[in-house]
Structure formats: structure tokens, C-alpha cells
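I opened my notebook to write down what I looked up, item by item, for a reader who is new to such structures.

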Amino acid sequence: MFHNMDKTYIVAEIGGNFTDYDTAVRLIDLAKDSGADAVKLQTYRADTISSRQAIFDMENTGMVSQAELFKKYEIDSELHQKVFRYAKEKGLDIFSTPSHFTDIELLEELHADLYKIGADDAVNIPFLKAVARLQKPVMLSTGMCTLDEVREAVNAILEEGNSNIIIMHTVSLYPTGSQYVNLEAIRTLQKEFPQFTVGYSDHTLGIDSCVFAAVIGAKVIEKHFTYDKDADGPDHRLSATKDEMRSLVDKIRLYEQMRGDGIKRPIGDEVKNRKNNRKSIICTNAVKKGDVITENDIDIKRPGFGIQPKYKEALIGRRAARDIEEDTVLCWQDVSF
């Protein structure tokens, strides 16, 4: 799934934005049309992800019981199976974020190729180890984490013999204001964990942060995805529509094309332009064979296939090896040594 990381891997997160098959199909179709590489779900049951004591107190939810909200948006195993099957038929990768050990069992039945660890479980070491033991790629969200906690999570996965880790810079604010995005943390993670792929999971309004993250070097971009920002549900507002996701994909692909390989050299028609658009030493007066070439006989003009301007001083005082007409581009065979 991550065999070619020269290309940014773009994930449309549809989990939480559907509760029925028809809506899931609609989202998958839109994600495919937008150019995304994968769709991602959220796999949880209300009674295993949250106690009745937990509340949400966030901008996108207001003050609400977590258990009640999760109950409203949980999807059963049958719907999981149908959604996984349809996404694969559409040629998209599909994976999910489990939230409990029993969720892992369901995803294994679905032959999940990748596991996303949500920010809520980034410090849940027993759970991390259970996922790591599957020896499949682990995409680790680092929302709410300190760098020491990221180190601890990564080490827990490595201890199970799994080094296929994608570390995602995440800010667990819904939505995330631009002043909190902290894209430089991507470079911090790259420096701290140079052996691993580093990506970015976004919760901002809009797509700019995703594009900027790719420019900084994030190799995986995850963005919530919706069919309608005004649809019922806490994540639709901070999700990208098809047009936004298409723009996100196009801008990142354009950047990848523009990025090049970093080798500074003439490229494409620059090779031709070096000859046509650079300058050479030009003989501005007619000079007879054997005459001494003086400073008054030469100037520096286009094109650039003759003697380079840096040799002007070395040329002055040499004799013409042949009769040279006015406005001749001088070459070394035109002068004697």
C-alpha cells in the first residue's frame, strides 16, 4: 500500500459521516472521483469505546454524552463487510480505526491491510501491542501527544517486531484553528523518526493545511470527507467536499510534479536554450588571419555556443587563425595559441 512514497498517499476519512450503505456508496463514489487513494472508516461500538461517564465538550459537538453520540453513528459488522467490498470494487484502498480489541477481530475478518490508531489510543500500550502483533502497517495518530509519548508508542509497536509505522501529525481539535495546526511538528517527527513515513491528519476547515503539509514533506494526507457540509453529524462541517478533495489532490499532484529530483542542472529545453539564450564573445570587426585581436574587436552578445565571456581577457592579444568576418561568434579554432 505504501510501496511508492514519492507520491503522496491521500486518504478520504468517511467514518462518522454515514450510517447506511447507500450513503457509504455515495461517499466512496465521490472519493474515487476526487482522486483519493483510499477511504477510511471508524470501527467502534458505543459500549466498548466509552463509559457513560464520558462527555464531548468540543466546538463540533457541543456538550453531549459520548456514549449516546457513538451509539448514533456506530455501524455493524454487516455494513462494514458491504462497505469494504464496495470500496475494493471501486479500486480504492480501505482501512479503519479500531477502538477496542473486539474491533480488531472484525477487521481481521475483513482482511484489513492497514490499521489506523486513533489519537485516543496513542498511549493505550496494550492496544498498540495487540495491533502491532498483526504485523500489518500501523498508522499512528499523534493528536494530544507529547514527543515523549510518541516515542513510547513507537517503541511499543517496535517491541512486537513491527517496524511498518506511519506517524501522523494530528491536532485533536474539531475544527482546528490555523494558529494551532503547527505544521513544523511534521519536520520534528521526520527528524526524530527518520526511518518512518510521516504524514498529516487534518481537522481544519478547508484544504490549505493539507497542501502545505505535503509541501513540508508529509507523505500521507488524511482528510475527513463528506457529501454535504450541512449534513447531520459532528464531522461533516470540517470535512472536504468532492470539489475540495479534487482541488486538494490536484494541488498536491501539481506540487509533486514541480518538486522534481533536486538535482540542479539544465533540464528539458534548457539544454537548447543554453545555446540560444546565453552569451558568447562576438567579433564585432572584420579581422584578417594573423592579426592580433584587441578589446575593440570583440563584444559579448547572444547566442551562447561560442567562447564563454569568462575567457574574454584570455582571448585579447591572441592572433586570428583565419579571416574572421564582422559579427562572427568566436570559437576556439578561430584563434591561434
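The entries below go from the whole chain to single strands, charged pairs, cysteines and the surface.

**Ground rules.** I am working with a predicted model, in which local features need pLDDT of at least 70 and side-chain atom pairs count only at pLDDT 80 or more, while totals for chains, interfaces and linings use all residues. I number residues from 1 along each chain as its sequence is written, and side-chain values use heavy atoms, with hydrogens and water left out.

**Domains.** I looked up how the chain is divided and noted domain 1 (9-259) and domain 2 (274-336), with bounds that come from an automatic or database domain assignment. Their C-alpha centres lie 66 Å apart.

**Strand β10.** Which strands pair with β10 in the parallel sense? Strand β1 (residues 9-13) does so over 5 bridges, with Y9 opposite V220, and β9 (residues 197-202) over 3 bridges, with D202 as the bridge partner of K223; two strands pair if DSSP finds at least two bridges between them.

**A sheet of 3 strands.** I also found an open sheet in the order β12-β11-β13, with antiparallel pairing. Because β12 and β13 (328-329) stand at the edges with a single partner strand each, one side of each is left without a neighbour in the sheet. Strand β11 (residues 280-283) meets β13 over 2 bridges, and I282 stands opposite V329 there.

**Salt bridges.** I counted 24 in the structure, each being a side-chain nitrogen of Lys or Arg within 4 Å of a carboxyl oxygen of Asp or Glu. One of them joins K40 and E13 at 2.7 Å, N to O; since K40 lies in strand β2 (residues 38-43) and E13 in strand β1, the pair ties together parts that are 27 residues apart in sequence. Both K40 and E13 are buried. Another joins K90 to D29 at 3.5 Å, and there K90 is partly exposed at 29%, as is D29 at 23%.

**Cysteines.** How many disulfides does a search of the whole structure find? I noted 0, where a disulfide is a pair of cysteine sulfur atoms within 2.5 Å. For C145, the nearest cysteine sulfur is that of C210, 19 Å away. The sulfur of C331 is 12 Å from the closest one, in C283, which is too far for a bond.

**Surface.** Last, I looked up Y311, in the loop between β12 (298-301) and α12 (312-315), and it counts as partly exposed because its relative accessibility is 33%. Together with W332 and F337, Y311 forms a nonpolar patch on the surface with about 340 Å² of accessible area. Areas come from the Shrake-Rupley method with a 1.4 Å probe, and for residues only the protein chains shown count as cover. Patches are made of residues with over 30% relative accessible area and no salt bridge, like charges being joined within 9 Å and nonpolar side chains (Val, Leu, Ile, Met, Phe, Trp, Tyr) within 5 Å.

Definitions and conventions:
Helix = DSSP H or I, 4+ residues; strand = E, 2+ residues; numbered from the N terminus. Buried < 20%, exposed > 50% of the residue type's maximum accessible area, 1.4 Å probe, protein only.
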